Amino acid sequence: MKYENQPTLPPPANTIGVIGWARKHLFHGPLSTLSTLLLAYLAVVLLGPLIQWAFIDANWVGDSREACTAGGACWVFIEQRLGQFLYGFYPGDQTWRLNLSFVLLLGLILWLAIPKLPAKTWVAGFTLLVYPFIAFLLLRGGLGLEPVETHKWGGLSLTLVLAVVGIVASLPLGILLALGRRSDMPIVRTLSVIYIEVWRGVPLITVLFMASVMLPLFLPEGVNFDKLLRALIGIALFQAAYMAEVVRGGLQAIPKGQYEAADALGLGYWQKMILIILPQALKLMIPALVNTIIDLFKDTSLVLIIGLFDLLSIVQAATNDPKWIGYATEGYVFVALTYWIFCFSMSRYSLYLEKRLHTGHGNRA
Amino acid sequence: MTDTATRPDTGLMVEMRGVNKWYGEFHVLKNINLQVKRGERIVICGPSGSGKSTMIRCINRLEEHQKGEIIVNGVPLTHDVKKIEAIRKDTGMVFQHFNLFPHLTVLENCVLAPIWVKKIPRREAEATAMRYLERVKIPDQAKKFPGQLSGGQQQRVAIARSLCMNPDVMLFDEPTSALDPEMIKEVLDVMVELAQEGMTMLCVTHEMGFAKTVADRVIFMADGQIIEENEPHEFFNNPQHERTQLFLSQILNH
């Protein structure tokens with residue numbers, strides 16, 4: 001007996017399109033309808049004044065507080081101080097060096113992030129091995145460039161230096177610590193565990209205090225190295241412990257069969273880790289890793305307590321300027337928004353990366 | 001890789017002498033003696049937990065034996081990392097769960113070890129890989145990721161991946177146990193072909209049809225010991241040991 005294939009029919013009209021979506025997600029029964037209306041009301045009540053303050057009643061142009069007459073936000077303050085917020089006390093005629101180094105970094109990162117561009121290995125190698133020296137030269141000076149002491153660095157550029165160096169230095173160290181913690185060699189394992197547990201057990205503020213106040217006391221007379229460098233080392237060593245635990249989580253999620261297959265093919269320990277285990281583990285770790293990186297980015301604001309003028313502390317200092325007293329809110333909104341833009345971009349990029357690296361259902365093992 | 005200078009070629013591919021292994025207190029391999037000649041095809045069967053997987057996993061040091069001697073292709077297996085690596089280079093292994101590398105394409109799975117372990121140029125390694133992928137009848141899947149293939153296809157890739165290292169002996173650890181019934185045949189076909197070409201093979205499997213077709217010898221294990229070994233016809237029609245008779249009646253009477 002043969003059967004007749006029934007014709008395919010379109011779905012009912014009220015289940016598709018905008019109306020269908022709204023019915024399904026916004027007005028799906030009395031409770032759903034009620035909460036939709038309530039939230040819409042709250043949005044109007046709360047957002048209205050905010051928009052009024054930030055945009056409608058705001059002053060955008062001028063050169064002193066006298067320009068702020070409308071009663072809303074005084075963005076003139078941000079505008080007037082933007083140079084300082086971005087570059088700190090870096091000499092005004094030298095800020096192109098900061099711009100150049102960040103544009104260069106952005107270019108390299110974009111090159112690595114866009115799948116179609118070629119020669120990824122070379123670019124990655126350049127970024128990790130050559131770029132740091134170029135950036136250091138540009139920022140610090142030398143070879144004909146006017147030297148700029150690190151205590152003049154500040155603002156957003158200092159925040160970025162702290163974050164980028166922190167991330168780039170702590171991730172490889174974290175990977176090594178994680179491998180060490182899972183090693184078969186008892187001494188390596190014990191040392192890794194001690195390192196991780198000690199650094200995770202102290203707050204970052206303590207680490208920064210130690211680096212800036214205590215460390216010089218232990219160093220011999222005359223030996224004195226840069227405060228920024230000390231802070232950077234403190235941040236990198238501290239974050240490495242966190243990275244290590246994230247990486248360890250990723251390593252543990254890789255099935256035993258992957259290690260065995262690599263062993264059976266005759267790959268050595270480092271080949272196995274670098275070619276097989278870490279690429280898979282790092283992919284699994286992306287969400288946790290980006291979480292740690294975002295944390296690190298925001299934690300750089302703690303350097304304010306050791307007298308480095310990062311974005312937050314330089315804005316805070318500016319709000320205490322008698323010429324601009326009373327505009328702290330604008331300052332903090334600006335800082336929050338800047339942090340948010342960076343953190344949100346990182347979070348979006350990580351989502352994209354997760355999707356792109358997805359290669360099907362993976363192993364069944 | 002054979003160490004012919006110090007050890008005359010005995011014609012033996014794998015030799016196990018008085019091999020014992022414990023998991024903690026549990027005595028998993030008890031005084032195993034086994035000789036596998038070059039080109040010989042061995043099927044190992046037995047109830048689960050009898051130590052058959054553990055035994056073949058000792059041959060390439062995925063498991064460590066604590067007593068006795070294992071000699072693979074003339075190289076004695078010790079703690080010496082160099083020797084372990086030499087043995088693994090000569091030994092291919094196919095796993096129950098395939099264990100393909102999910103982040104690499106089929107082709108990259110196949111060329112990885114030849115390039116990094118044997119230092120073969122990429123172009124040459126890729127040509128070899130394509131030849132083996134053709135032999136397991138999936139050259140058209142070379143650019144896909146393992147996750148996009150069926151179980152049977154994945155297992156065939158795993159076999160090709162092992163063959164790319166040009167091994168002298170192949171170890172199969174229940175290669176069809178994780179497959180859906182309709183995919184078992186495609187994998188067995190590849191294995192039969194391989195056997196007919198003269199590859200030395202040790203297969204842990206319950207595919208008795210395969211054992212009857214290609215095995216030179218069937219080994220029956222229970223409780224960590226080799227209970228009985230014989231050529232397939234005798235083994236299936238005239239099992240000597242009552243433990244073997246019980247096992248065969250359990251798997252064949254359906």
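In the predicted model, Asn166(B) is placed in the loop that links H5 and E7 of chain B. Its phi is near 55°, a positive value in a residue other than glycine. Most residues other than glycine have a negative phi. Asn166(B) is exposed, as its relative accessible area is 52%. A positive phi, near 45°, is also found at Glu174(B), again a residue other than glycine. Glu174(B) belongs to the loop between E7 and helix H6 (181–196) of chain B. With a relative accessible area of 14%, Glu174(B) counts as buried, because the limit for burial is under 20%.

Another loop of chain B, between helix H4 (122–135) and helix H5 (151–163), contains Gln141(B). The relative accessible area of Gln141(B) is 9%, and the residue is therefore classed as buried. When residues up to four places away in sequence are not counted, Gln141(B) touches Val106(B), Leu149(B) and Gln153(B).

Helix H2 of chain B spans residues 81–90, and its buried residues are Ile84(B), Ala86(B), Ile87(B), Arg88(B) and Asp90(B). The N-terminal end of H2(B) is capped by Asp80(B), a side-chain oxygen of which lies 3.0 Å from the backbone nitrogen of Lys82(B). The cover over the buried residues of H2(B) involves both chains: chain A provides helix H10 (256–264), while the elements from chain B include helix H1 (52–59) and the strands E4 (67–72), E5 (75–76), E6 (91–94) and E7 (169–173). H10(A) is also the part of chain A where confidence is highest, at 95.

The largest nonpolar core holds 60 residues, among which Leu251(A), Met16(B), Ile44(B) and Leu202(B) touch the most other members. Helix H11 of chain A (residues 269–299) supplies the largest share of this core, ten residues. Not counting residues up to four places away in sequence, Leu202(B) touches Val14(B), Leu34(B), Val36(B), Ile42(B), Ile44(B), Ile56(B), Ile59(B), Val169(B), Met170(B), Leu171(B) and Phe172(B).

Chain A contains 13 helices and zero strands, and its pattern along the sequence is accordingly written α-α-α-α-α-α-α-α-α-α-α-α-α. The radius of gyration of chain A is 27 Å, whereas a compact globule of 365 residues would have a value near 21 Å. The C-alpha trace of the chain spans about 95 × 65 × 40 Å along its principal axes. Of the 365 residues in chain A, 39% are buried.

The confidence of the prediction was examined for chain A. The mean pLDDT of the chain is 86, and 98% of its residues score at least 70. Confidence is lowest in helix H1 of chain A (residues 17–25), where the mean is 81.

How values were computed. Residues are numbered from 1 along each chain as its sequence is written. Chains are lettered from A and ligands numbered from 1 in the order in which they are written. This is a predicted model: local features need pLDDT of at least 70, side-chain atom pairs count only at pLDDT 80 or more; totals for chains, interfaces and linings use all residues. Side-chain values use heavy atoms; hydrogens and water are left out. Buried means under 20% relative accessible area, exposed over 50%, partly exposed in between (1.4 Å probe, protein chains only). Helices (H or I, at least four residues) and strands (E, at least two) are DSSP runs, numbered from the N terminus. Contact means heavy atoms within 4.5 Å. A polar contact is a pair of N or O atoms within 3.5 Å; within protein, one must be able to donate a hydrogen and the other to accept it, and residues adjacent in sequence count only if both atoms are side-chain atoms. pLDDT is the predictor's confidence in each residue, from 0 to 100. The radius of gyration is taken over C-alpha atoms; the globule rule is 2.2 Å times the number of residues to the power 0.38. A nonpolar core is a set of buried Ala, Val, Leu, Ile, Met, Phe, Trp, Tyr and Cys residues joined through side-chain atoms within 4.5 Å.
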